[in-house]
Amino acid sequence: MWYNSILETIGNTPLVRLNKITGQLKGTILAKIETTNPGNSIKDRMAIQMIEDAEKAGLLKPGGTIIEGTSGNTGMGLAIAAVVKGYRCIFTTTDKQSKEKIDALRAFGAEVIVCPTNVDPEDPRSYYSVSSRLQKEVPNAWKANQYDNPSNSKAHYEQTGPEIWEQTEGKITHLVVGVGTGGTISGTAKYLREQNPDIKVWGIDTYGSVFKKYKETGEFDKNEIYPYITEGIGEDFLPENVNFDLIDLFEKVTDKDAALMTRELARKEGIFAGNSAGAAIAGLLQLGNSLKESDVVVVIFHDHGSRYMGKMYNEDWLRERGFLKDEKLTAKSILKKRGEQGIVTADTQQSVMETFNMMKTLNISQIPVTQQGMVIGKVTESDILSALLENPSLKSSSVEEIASKPFPFVDLNTSIDKISSLINKDTQAVLVEDEYGKINIITQYDIINAISEV
């Protein structure tokens, strides 16, 4: 058997039991792994639905241009369908989105315009507003409008909901979904509630989003809105696809908890999922005390971890935001293991020979060069040898004349992996300023010692 195009492979994604990360919870916890779709996300389902419904309605004509504001995943689904069906794509997105998502859209031939995150949706610079303007300006254009397009929820009513019902043999008791456009949770919940009105539907929100307070009070509070890091969930407006009547409650999850849980899914379950999956599991753990042994919980894992390599799966990125403090793998811990060790430097006015004799006496192979206490370069044994072989008279010249560019500086939270990547045949050490403002040098030897003691 074969498929006539990649679009026919959308859907029928696996349901996988979680065993370790939710081990303290009662009941059976299942993940709906949407990364097996061709675009590696659940958004493929509604992307093709929106396109086909637009074709039937005569809104999207042959050779037309698809316009959309997207965080990346919907754009991917639309771009794949556009390749197969012969459409052009122009997408607007925010500068909050990972580089991997933007690069992936461009890989399929889409044009991507990056807009600022920290502006109101009505602001002409927002990715919502820019996409609406392009729809008017570009000939034969159609805007998918995933937030308000009913085809979004329809796709999940006709596909995701029935799949989950069949895969759990009708035993599902709880549906847990990160809420962004609202199409996934609303469409899936509508179908499941028609089969069993007692199914609980829990929406996962993020701090900086308006959903939770609106559900609980009916008030749209602009004071709730502020920038957040978590991708794929939360909004600063109310999409028409969010059916609040179908959602029993919203649970907010911090950026830190969502990011670290995303990472834990790979490390404890072997599931390489995106940021919204981490948020969903973190939210479930916060709500989990109410579960019973007989409960069957389905959590939607929207997209793939490959789109977050520069963020949630990057330890330096996590440390920079204070999300991860793993001292045994940082510059700080290397210095701590090595103990107090003063740095030797050569002043720019020292002669080449004086510098060489100092290095020989102290048995060091490289040395930072300073001017009035500031590091302005470095000299290695090989630099001196090469210089003297070429011109022996340089031995009485100032060392500044043969100095090369300085060792790179790192901060105390920089990981061993990052430091190691900076060290090579041309750069044999890095410099780091400790908490007292003192400059320290870290060599390859220091890294090997630190690792061997772990």
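A residue counts as buried when its relative accessible area is under 20%, as exposed when it is over 50%, and as partly exposed in between, with a 1.4 Å probe and protein chains only. The model shown here is predicted: local features need pLDDT of at least 70, side-chain atom pairs count only at pLDDT 80 or more, and totals for chains, interfaces and linings use all residues. Residues are numbered from 1 along each chain as its sequence is written, and side-chain values use heavy atoms, with hydrogens and water left out.

**View A. Arginine 45 and glutamate 34 form a salt bridge.**
The structure holds 24 salt bridges, a salt bridge being a side-chain nitrogen of Lys or Arg within 4 Å of a carboxyl oxygen of Asp or Glu. In this view the N to O distance between the side chains of arginine 45 and glutamate 34 is 2.9 Å. Helices (H or I, at least four residues) and strands (E, at least two) are DSSP runs, numbered from the N terminus. Arginine 45 is buried, at 0% relative accessibility. Glutamate 34 is buried too, with a relative accessible area of 0%.

**View B. Glutamate 137 and arginine 133 pair within helix α4.**
The closest N and O atoms of this salt bridge are 3.1 Å apart. Glutamate 137 is exposed, with a relative accessible area of 51%. Arginine 133 has a relative accessible area of 41% and is partly exposed.

**View C. Lysine 292 meets aspartate 295 in a salt bridge.**
Their side chains come to 3.5 Å, N to O. Lysine 292 is partly exposed at 48% relative accessibility, whereas aspartate 295 is buried at 3%. Elsewhere, salt bridges that share partners join Lys32, Glu34, Arg45 and Glu163 into one network.

**View D. Cysteine 89 and cysteine 115 are in no disulfide.**
A search of the whole structure finds zero disulfides, a disulfide being a pair of cysteine sulfur atoms within 2.5 Å. For cysteine 89, the nearest cysteine sulfur is that of cysteine 115, 16 Å away. For cysteine 115, the nearest cysteine sulfur is in turn that of cysteine 89, at 16 Å. Cysteine 89 is buried, with 4% relative accessibility. Cysteine 115 is likewise buried, at 4%.

**View E. Strand β2 pairs with β1 and with β10.**
Two strands pair if DSSP finds at least two bridges between them. Five of the six residues of β2 are buried, so this strand is largely enclosed by the rest of the structure. β1 and β2 run antiparallel and are joined by three bridges. In this pairing, valine 16 has alanine 31 of β2 as its bridge partner. β2 and β10 pair in the parallel sense, over six bridges. There, the bridge partner of isoleucine 29 is valine 297 of β10.

**View F. Helix α8 spans residues 255–269.**
The 15 residues of α8 reach 21 Å from the first C-alpha to the last, close to the expected 21 Å; the expected span of a helix is 1.5 Å times one less than its number of residues. Its buried residues are Asp255, Ala258, Ala259, Met261, Thr262, Arg263, Leu265 and Glu269. These buried residues pack against β1 (15–17), β8 (200–206), β9 (249–253), α9 (275–287), β10 (296–301) and α10 (315–320), where contact means heavy atoms within 4.5 Å. Just after α8, glycine 270 takes a positive phi of about 70 degrees.

**View G. Asparagine 40 and asparagine 145 have positive phi values.**
Asparagine 40 is not a glycine, yet its phi is positive, at about 65 degrees. Asparagine 40 is found in the loop between β2 and α1, and it is partly exposed at 26% relative accessibility. Asparagine 145, also not a glycine, has a positive phi of about 55 degrees. The loop that holds asparagine 145 runs between β6 (141–143) and α5 (150–167). With a relative accessible area of 27%, asparagine 145 is partly exposed.
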